[in-house]
Amino acid sequence: MSAIIHDSPKKVAGDVAESLRTFKVASWLGWQIESNWADPFAFFVFSIMRPLGASLILVLIYGAVSGNNSQPEAFTYLYVSNAWFTLVVNTIVGLSWTIIDEREFYKMLKYVYTSPARIIPFLMGRGLAKIVIGMLTFVVLMGIGIIFFPMTLSWGAVQWGWLPLYFVLGMIMLVGLGLIMAAVSLRTARHGGSIGEIVAGLLLLFCGAYYPVDVLPDWIQKISLAVPVTYWLEGMRRATAGRVLAPVVKGHPSIMSQIGDLQLLSILVFCAVASLSFSIWFYKFVERTAKEAGVIDKVSNY
Amino acid sequence: MLEDTTVALAQGEAQTQEAAMTTSPKPARKLAIKVENVSRTYNIKVDKKAKKEGKESKLLTALGGVSLEVEEGELFGLLGPNGAGKTTLIKIMTTLLAPSGGVAMVDGLDVVKEATEVRRRINMVSGGETSGYGILTVRENLWVWSQFYGLDSKVARQRIDELLKIVELEDKAGALVSGLSTGQRQRMNFCRGFVTDPKVLFLDEPTLGLDVHAARIVRDFTQTWMKQNPDRTVLLTTHYMAEADSLCDRIAIIDHGAVLACDTPSNLKRMLQKQPVFEIGVAGLNGSQLEALPRIPGVVRVSSESREGGSGYNLKFIIEAEPVIGAVVSEITAQGGSILSLQKNEPTLEDVFIKLVGRSLSAEDKEK
Amino acid sequence: MVEKATGWRLFRKTVWGRAYPRIIGLSREPSWLFFEVVIPAIGLLAYLFIYKFLGQEESDRTKTDILGLVILGGAAVTYWQNILWMMASQLYWDKQEGLLELFILSPTSLMAILLGMSIGGLVMATIRASAVMIFGIVVFSIQFSLEGILPALAAFLITMFALYGLGMMLSTVFLLWGRAAWQISLALTEPIYALSGMYSPLNALKNPVLVAAAGIVPISLGLDAIRQLLLPSLFDGSPFSGVLNPWLEVGILFAAGVVFNIAAYILVKRVEWLAKVKASLSLRWQ
């Protein structure tokens, strides 16, 4: 019978310290990589240009169709959702792109793997810069939106209690999703962009980022309601606006308006726990298959 | 012709050794490369602290007035530590970089004013090169580059096939470049250098990353190509002293942007040791016979020590000139002694390098 | 020495040699069909649903016309991405890989290299864009005006002449901007999508100054002209209208194309010389 080896408390403490150290160094590294090509102001401007451009697309679509028939509530839905969605993109892409970056461009992934550094804290640290940029982007977008566009928001309506709660749960859930995409990236070649960007693009269709899910055909609605991000965006919209945005769609109460705050909270707690647990297991599983196939350091060169 | 080269390669070893023994200078030929007082400086941006102190920019001198001449038909070596200015000099000669001062001519053409014509006559292969279109096959990659030099496709394909055979890459001709190992890529890039049939070829550490067998193929092919095409010139940079010693007709040692010495490997070694030294293992000589050896005309000094097992002596002769060794051997055999071994001792190129540069290449790597 | 072509023969050989990897690459990695056609086409649906949410899907006809507007925009996105990633940033990436040094070392002209890149890129992008269009037509039953197909094709060719001229110009400029070029390419992605009217009609900008600024990117006017020609019922003033008469837009694009291509030629010579003097041409990580 083989011996069962229990980790001593000292070892566990050592592992935690090692993970924290890896996370700290990787965060610094991620920040350097994101920002060291320009001075801080230029870097900041370039960082928000893409999400600003994405918001501008929505503003122009709205402008093209609204004419004299303005729909401020619909516009607020569009704009607030899109602002929060930038965080979804930045988090998922931030983690998944790290694998591509380190493996294909810097060719350092193999050295990370052969060092004592813990890979999951490393990925989280490396992705942190993009996540922080996403948060700053949200603030800037909302500022621009409130100043320049006819949005139906007020400071007094913001639900300051729910907002941080939904936010933290959502970030845990998104980090989990990012880790799943990072695992997939470990086994796929580079194809123009990253698998994270592709999934983020698909999420745009399903998760009610630009429109209530009621607008979608029934069969797509079923997919939307199985996507955790749908609920998180609903939570962030509610907490930001202090109410359900677009509660009525084509004369009927929207699906999201029928979910209470506590119910929404339960769903988000479940999604956060499930996402993080599954993602860590999934990453380890895929990593094992990648090592067996010998592709940890294989460059696509395509 | 490349077919002749393939056959000649098999005989290359014997010819290489024979050539290495020859020290007589080649007759003067047309200059393939002429570098006259070439300098290159860079303006380095300073940080904010230095700017506050009133310093606008720093001037970095990569090359400070380098002059060299390489004759047509020479295999010329350029040795120097990292940061010496070798790459800067090569970039100037290959029209990639404009000199800050001086003139560089390749095949009689000014590298600045007649750059396009220069490019038609040259090619370059850098060591550790992993460049190439991953999505193309080896053959296709080489074909693409041949088109940039204006080769007829049919001629190019024939040359490609021949070159791939020589570097033992013919079984990978149809493989995608993305699937090649580093050594295979380097061999492919080596072929790229020759497929355009350049008049002057620049090899920047061409055997870097190659295994012993592949490196030998590359060296042998370079030498044989030059023998088959006496009007071609190769400028080689390398960190492998043995490679430079065995391949190069002449070597320039460069450091801190200046040429410290330029001569044949033998002459460079002779700088350190003017008189030849030979070690001879002998048996069958007694004490008085040994004492007579220093009196042989031309012998400067003799030292001896007993061989292991008491089977004779190891004698070290310092003589005035190489032909004297003949008289020494004759005297030993006339006295009834038998020659067990004979070896010429001379300083290595690394000894010369250390003497001139002040440190070895391996020490430099260790310091880093 | 082996005989080597010079002059126009060398130029022609270089163009073909440089275009070849891009054209043959499509058949070597067929996964692009999924990642760069199917997935983006599905993503385009999101924009259709925005229009639906905002009450624009009044009838089946309007629905397919709006989808047609969005699909044409999606096809245009393919070309813009090709310009940003396979043209503007390409020479910078070639520098990182060590290929740029080899281009400069060869006796051919950088202009021929750029033209080869353009032609190869255009073929790549056209195959991808066509796949997006076919996917849209087959799966979503989009109908374009049959009378507008040939005029739209003419407008498309002139747009490509201008667009790839801009691409060649950008690739030489980005070469000197170094690592910032990649970041600039990334930053310009969505703003250009927005201002060029890829997902909304160009006249949504509503401001003539903004429209003129957007017009610098040939895709804007080109797309507006092609949409007017292929979707006349959608662009009859209700709800959308074109910015200018499509043939006036094509004329402007032709003039812009001439300017961009000449500028690209001048810049190639200038940039090559400046890079040799500043020594940033073959230094990686700069």
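In chain B, strand S11 (residues 277-283) and strand S13 (residues 313-319) run antiparallel and are joined by 6 bridges; strands here are DSSP runs of E with at least two residues, helices are runs of H or I with at least four, and both are numbered from the N terminus. One of the residue pairs involved is B:Val282 with its bridge partner in S13(B), B:Tyr313. This is a predicted model, in which local features need pLDDT of at least 70 and side-chain atom pairs count only at pLDDT 80 or more, while totals for chains, interfaces and linings use all residues. Residues are numbered from 1 along each chain as its sequence is written, with chains lettered from A and ligands numbered from 1 in the order in which they are written.

Zooming out, these two strands belong to an open sheet of 4 strands in chain B, ordered S12-S13-S11-S14 with antiparallel pairing (two strands pair if DSSP finds at least two bridges between them). At the edges sit strand S12 (299-306) and strand S14 (338-345) of chain B, each pairing on one side only. From one strand to the next, the twist averages 20 degrees. Helix H13 (residues 324-334) of chain B packs on the sheet and touches S11, S12, S13 and S14 of chain B, with its direction at about 145 degrees to that of S13(B). Such angles run from 0 to 180 degrees between N-to-C directions, using axes fitted to C-alpha atoms, for helices over the stretch in contact.

Elsewhere in chain B, B:Pro265 is part of helix H11 (residues 265-272). B:Pro265 counts as buried because it has 23 C-beta neighbours inside 10 Å; the cut-off for buried is 20 or more other C-beta atoms within 10 Å, against 12 or fewer for exposed, with partly exposed in between. Setting aside neighbours within four places in sequence, B:Pro265 is in contact with B:Asp245, B:Cys248, B:Ile251 and B:Leu349, where contact calls for C-beta atoms, placed from the backbone, within 7 Å. The C-alpha atoms of B:Pro265 and B:Ile251 are 6.5 Å apart, though 14 residues separate the two along the chain.

Now for the chain-to-chain contacts. On the chain C side, 33 residues are in contact with 26 residues of chain B. Helix H1 (7-28), helix H5 (99-105) and helix H11 (246-278) of chain C each supply at least two residues of that side, and H1(C) makes the largest share with 11 residues.

Chain A meets chain C too, with 30 residues of chain A in contact with 35 of chain C. H2(A) gives the most to chain A's side, 14 residues.

Technical notes: Contact = placed C-beta atoms within 7 Å.
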